[in-house]
Amino acid sequence: MQREGSPWQGVGVVARKELSDHLSSVRMLVIELLVVVTGVVVVLVSLQQIRDVTAEDPFLLLRVFTRSGEQLSFVFVLTLLVPLIAIGLGFDLVNSEYNQRTLSRVLSQPIYRDALLFGKFLAGLATIAISLTAMWMVVIGLALATLGVPPNGEELARAALMLFVTIAYAGVWLALAMLFSVLFRSPATAALSALGLWLFISILWPFLSSHLVNVFVPASASSADELLNTLATHQAVRRVSPGALFGEIVTVLLDPAVRSTQQSQLAAMGLALIEPGSIPGAPLPLLQSVLIVWPQMVSLIAGTIVLFVIGYVIFQRQEVRA
Amino acid sequence: MSEPVIEAQNLTKRYDGVPVVKGVSFSVAQGEIFGLLGPNGAGKTTTILMMLGLTEVSDGQVKVLGYDPVREPLQVKRRVGYLPDAVGFYDNLTAAENLRYIGRLIGLDARECEEKMTAALDHVGLHDVTDRRVATFSRGMRQRLGIAEILLKDAQIAILDEPTSGLDPQATIELLEIIRNLKQRKVTVLLSSHLLDRVQSVCDRVALFSQGNIVLMGTVDELGRQVLGGNFNLDVEAEGSGLEARFKAIPGVTGVEALGPNRWRLKTDRDVRSEAAGAVMGSGGRLLRLSLEVPTLETIYTRYFRGEQEAGRHAA
């Protein structure tokens, strides 16, 4: 049966209203504060290190993002902070409409439920994008001011791609938070569940996954192929966490010398991946770096879509009445 | 009577196989105020949600202004205003901002929206609080803001779910007045309530719901005749001798019951107040009180269900 009218009708109106709600909320103030403070602190620490370490690195700007100052790189902070922001914005998107008893009134206007859900998601994503872009600019600005070296075009392109990937990473968590806000009528339950899952996936899963793999796959590797296979299995299981995907993408994008997502693990074992005919440590062109992590980038976006669709289907079947 | 604007036929809703609305049929004519009355949980709100296409119809069908809310929900929702039970607004926004949001969802352009909004807020008496946050509004103000939203929409049909519940008497009177005004604007009003007497005064016709069925439908007078069998109770308090016999002699009186010293209840099939007064005067007695019990929805409703229960007991 064909529905009459467009499912998009009203999306813009909903998104605009939600965005203005987000931007004027106290929550946004907290997020901005969090974003600016962490951005500044982490960058200042890593800048200190960079100045001590190197003076002739061609990709100096990118080091700002990845260099661990006191074991705390900007990228690592993002991996943890972005889900928090997304959950903070998304956990009460739908259930607050129920609790304020506004849902039936809004849905009795000539729009479909699609518009409400999609508008809310777009507004949330836009809010996060604004915050992250602000943070990104703070970092770049600080780096320029303190390092005094103008960045080249490729560096900027890589940094911009990294911003885009970060927003996609936030999308996964926003879709998850919105799914929970559809599932649970109480915002507290939704927030707690989303945070619980975040804690499990971001902090516990990396440890748990390697133990799980060790149980099923023997750790002893006699040949290089076997070793790489084992590593691939570890990676595959770890990739259940969007944070792992994000980490892999950013590592490759921000360091042109990285030729494989397994490179850091091999390095930890004192090994190096040397492809025939390549010069170790030589920078890859941007497009090659992107190609290495293309599957991961697609996975992040696909994950967002899948989570959104699950929430969408459940929301469509829910009764308007609480 | 003009063309019906709402027509429900055998409308049924089942939740997990349990019927909540069991095949109700009714029609509402253009410009009338139609009341869906009945206790909580009788299926009134579910019926309303089906008319708006906000919940799926399990069986039967409903047409609103000729559109099927299941297939053409946007057409229906464009023309029908809805005030839900315990209506909610965005508390962090002002009354005007809340209405502006709805205006944009309807698709009004900015200037048109402002004009209509001012007129609507004036009409419901909220023009002084336009720029106050809704969080500070009382229940009655929220209900009136909800009606302003229906006016903003220029709705042809206003569906009001429990508009007077939780309101104090003064606010109720004001709201009922606003509902009467809707009728003057040629808006068809369908309202639901569990407070029978409050809405009796505004409804042209009512449908009494019970356990998912419409058990009675018609004007209040019709229902009174139907259920109470055209019986009036006339309470007389008078001093005098031989009054009971005189009352019995009045044509139309079917029974006289002594309620106490000098007090009688006359069962009649028409209004015999003047005859009863004449009878008292004729006997040289003093008439102290004469009151005719007008059938209210409340009595019709309780009487009907008492009758049902007794019938059930006899059958069992």
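**Close-up views of a predicted model**

View 1. Glu177(B) has a relative accessible area of 39%, so Glu177(B) is partly exposed. Arg180(B) also counts as partly exposed, at 31%. The two side chains form a salt bridge, with the closest N and O atoms 3.2 Å apart. Why are Glu177(B) and Arg180(B) separated by about one helical turn? Because they sit three residues apart in helix 6 (residues 169-184). This is a predicted model.

**View 2. Asp204(B) meets Lys183(B).** Their salt bridge spans 2.8 Å, N to O. The pair links distant parts of the chain, 21 residues apart. Asp204(B) lies in the loop between helix 7 and strand 8 of chain B, and Lys183(B) in helix 6. Asp204(B) is partly exposed, at 27% relative accessible area. Lys183(B) is partly exposed too, at 32%.

**View 3. A buried pair in chain A.** Glu97(A) and Lys120(A) form a salt bridge at 3.0 Å, N to O. Glu97(A) belongs to helix 5 and Lys120(A) to helix 7, 23 residues apart. Both residues are buried.

**View 4. Where chain B touches chain A.** Here 35 residues of chain B contact 28 residues of chain A. Leu74(B), Tyr90(B) and Leu105(B) supply 24% of the area that chain B buries against chain A. Together the chains bury about 3000 Å², 55% of it on carbon and sulfur atoms.

View 5. Two salt bridges join chain B and chain A. In one of them, Glu149(B) pairs with Arg105(A), the closest N and O atoms being 2.4 Å apart.

Definitions and conventions. Residues are numbered from 1 along each chain as its sequence is written. Chains are lettered from A and ligands numbered from 1 in the order in which they are written. This is a predicted model: local features need pLDDT of at least 70, side-chain atom pairs count only at pLDDT 80 or more; totals for chains, interfaces and linings use all residues. Side-chain values use heavy atoms; hydrogens and water are left out. Contact means heavy atoms within 4.5 Å. Buried area is the accessible area (1.4 Å probe) that two parts lose on being put together, summed over both. A salt bridge is a side-chain nitrogen of Lys or Arg within 4 Å of a carboxyl oxygen of Asp or Glu. Helices (H or I, at least four residues) and strands (E, at least two) are DSSP runs, numbered from the N terminus. Buried means under 20% relative accessible area, exposed over 50%, partly exposed in between (1.4 Å probe, protein chains only).
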